[in-house]
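Dear colleague,

I am passing on the structure we spoke about, and I would be grateful if you could look through it alongside the notes in this message.

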Amino acid sequence: MNFKPLAVSLLSHHRFHRLNRYFSVATPPPMAFPVAKTPTQIPTDSTYSDPAEEPDNLICSDQNQDETRQEQECSLYAPAMGPSCLDSPARCLTVVSRVERAWAYWTKLDRPKYLVAPMVDNSELPFRMLCRKYGAQAAYTPMLHSRIFTETEKYRKEEFSTCKEDRPLFVQFCANDPDTLLDAARRVEPYCDYVDINLGCPQRIARRGYYGAFLMDNLPLVKSLVEKLALNLQVPVSCKIRIFPNLEDTLKYARMLEEAGCSLLAVHGRTRDEKDGKKFRADWKAIKAVKNAVKIPVLANGNIRHLEDIRDCLEETGVEGVMSAETLLENPALFAGFRTTEWATGSEVASVDGKLDQADLLVEYLKLCEKYPVPWRMIRSHVHKLLGDWFSVQPHIREDLNKQSRLTFEFLYDMIDRLRDTGTRIPLYLKDTEAGLLVNGQTY
C-alpha cells in the first residue's frame, strides 16, 4: 500500500504555487488549427524572485562561502566531444543526412538505454549523479523556463548546474518563442549533449504559460521551435512529447518533428489529459508505432517500476532507451536492479534483501548536495520522496522535519540516525537473478 503523507501533499502544493509565481502568464486566446506561424510571445511581467521568507529557496551551501569556490564546485564544463562532433550547422543537411548524423551522434554517446527523465525541481545535479552511480546512463535536467533563463542570472545559477561527470546530459527548456528558446539554448550548448524541448508537460501551469503539451494545438509553432534550434545549434535537438488520443495524429506529429530537425524523440505514452500515472497506463503500442514511423532514435517513458518493466518495454516497443521519473524519486537505484517492497512481492522470482535502503541512498544524496549545492526546497522534496514509507512508521519524525523552516545538513543526518535508532528499516530488494549485478565496478 502506498502511503502519501499529508506533508508531501502540502509540499507539492507549496511547490506548485512557487512555480506558478515564476512561470505563469495570462492564458492566450484559443487558437483554431491551422494557425498563423507567428509564435505567441510570453509576457515579460512575470519575474523570478527569491523572497527571504521562503528559506527553502536558499542554496544549501554556506551563504558566506567564497563565490569562486561555489563556481568551481558547480561549474559548467565544456563537452567532452565538443562542437567538432557536429561538423556544421544542420541548415545544409538533407533529411537523410540529418538522420544519419542523429544515429552517428547517438552511437558516439554509447547508445544509453537507462535515462533519468526531466522532473521539475527533482532531476537536479546531485540527484542525477546519484542515479548515475546506480546505473543511469544519461539524464535530463529539470525543465527550465527559456525566457526566465535568458533574463535572470540568479535563475540560471540556481536552476542549472552540471559537472564533468554529468554526461550524457539533456538540457530541457519549455518555450513558445523560437528566438527566446535559441538564446537560452546557446547559453547551455557548450555544456550538454542535447538541447531538449518540453512538448509534454500536461500541468495547469503549462496551460497558463502556453508551453509543454499545450503546444500540441499549434503544430506550426512547434515546428518553428524545432527548426530554429536545429538550424542554429551545434548540438542536436531532442523533443519530449505526449501522444494524441488518435494514433494517426501522433504519427503525423512525430514525423513533423523529425522533418523539422529533431534528432531524438522521447515519447510519454499518455495523452495530455492522462496526468495520473497510477490511474492511466502508458500506451506502449503507441510508442512502438512512433518508433516504426520515424527514422531517428526514440526513447520510451511510462509504466517503469522495476528492471523487468524496462526489459519488457525495450522488447515490446523496440526503442533505443527507457526513462523513468516518479519511480526513481522513491528508488534512485532502480537501474541497478533494486526495487521497493511494493514491487518485490507477487513475482515468481524470489527477492532478497539488497543490503541497501532508502536511508542509505538519502545519505549519499545529501553528501552530493554538499558537493554540488542546490536550493533546500529540492532537498526537502527528495527527503519526503525517499523516506515516505519510513515516515509512515515513525510519523513523529516526519512532523519534526515539517516544523523546520530552515533545514541544515546536521539536522537531516541526525534525523536519519533517529529513524535508524528506532529499528525502522525498509530494505530495497534484488531478485535472486539480479543479486550479483555489477554497477560501476561494485557488487550489490
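What follows is a description of the chain as a whole, then of some helix packing, and then of several individual residues.

Please keep in mind throughout that this is a predicted model. The chain has 444 residues, of which 59% count as buried, and its secondary structure comes to 18 helices and 13 strands.

Helix packing around α16

Two of the helix pairs that I looked at share helix α16, which spans residues 376-393. In one of them the partner is α15, and the axes of α15 and α16 cross at roughly 170 degrees and come within 9 Å. Since angles over 145 degrees count as roughly antiparallel, α15 and α16 are therefore roughly antiparallel to each other. On the α15 side the contact is made by Q358, A359, L362, Y365, L366 and C369, and on the α16 side by M378, I379, H382, V383, L386, L387 and W390. Sorted by class, the residues in this contact of α15 with α16 are 11 nonpolar and 2 polar, with no charged residues.

In the other pair, α16 packs with helix α18 (residues 409-421) at an angle of about 5 degrees, and their axes are 13 Å apart. That angle makes α16 roughly parallel to α18, because angles under 35 degrees count as roughly parallel. Helix α16 contributes W376, I379, V383, L387, W390 and F391 to the contact, while α18 contributes F409, L412, M415 and L419. By class, this contact of α16 with α18 has 10 nonpolar residues, no polar residues and no charged residues.

Y365 and the α15 side

Within helix α15 (residues 358-371) lies Y365, a buried residue with a relative accessible area of 0%. Leaving aside the neighbours within four places in sequence, Y365 is in contact with V374, M378, I379 and H382, and also with E124, P126, F127 and L130. As for I379, the C-alpha atoms of Y365 and I379 are 8.7 Å apart in space, and the two residues are 14 residues apart in sequence.

D357 at the end of β10

Strand β10 covers residues 351-357, and D357 is found in that strand. With a relative accessibility of 4%, D357 counts as buried. A polar atom of the D357 side chain lies 3.0 Å from the backbone nitrogen of A359, and the D357 side chain also makes a polar contact, at 3.1 Å, with the side chain of R425. Apart from neighbours within four places in sequence, the residues in contact with D357 are W390, R420, R425, I426, P427 and L428.

Cysteines

How many disulfides does a search of the whole structure find? The search finds 0 disulfides. For C369, the closest cysteine sulfur is that of C60, and the 5.2 Å between the two sulfurs is too far for a bond, because a disulfide requires sulfur atoms within 2.5 Å. C369 is buried, with a relative accessible area of 1%, and C163 is likewise buried, with a relative accessible area of 4%.

Backbone details in the loops

A cis peptide bond, with omega at about -5 degrees, joins R167 and P168, and P168 sits in the loop between α6 (153-159) and β4 (169-174).

Y210, in the loop between α8 (204-209) and α9 (219-230), has a phi near 60 degrees, which is a positive value in a residue other than glycine. The relative accessible area of Y210 is 8%, and the residue is buried.

N303 also has a positive phi without being glycine, here near 70 degrees, and its place is in the loop between β8 (298-301) and α12 (307-317). At a relative accessibility of 8%, N303 counts as buried.

Methods. Residues are numbered from 1 along each chain as its sequence is written. This is a predicted model: local features need pLDDT of at least 70, side-chain atom pairs count only at pLDDT 80 or more; totals for chains, interfaces and linings use all residues. Side-chain values use heavy atoms; hydrogens and water are left out. Axes are lines fitted to C-alpha atoms, for helices over the stretch in contact, and angles run from 0 to 180 degrees between N-to-C directions. Helices (H or I, at least four residues) and strands (E, at least two) are DSSP runs, numbered from the N terminus. Angles under 35 degrees count as roughly parallel, over 145 as roughly antiparallel, 65 to 115 as roughly perpendicular and the rest as oblique. Contact means heavy atoms within 4.5 Å. Ala, Val, Leu, Ile, Met, Phe, Trp, Tyr, Cys and Pro count as nonpolar, Asp, Glu, Lys and Arg as charged, and the others, Gly among them, as polar. Buried means under 20% relative accessible area, exposed over 50%, partly exposed in between (1.4 Å probe, protein chains only). A polar contact is a pair of N or O atoms within 3.5 Å; within protein, one must be able to donate a hydrogen and the other to accept it, and residues adjacent in sequence count only if both atoms are side-chain atoms.
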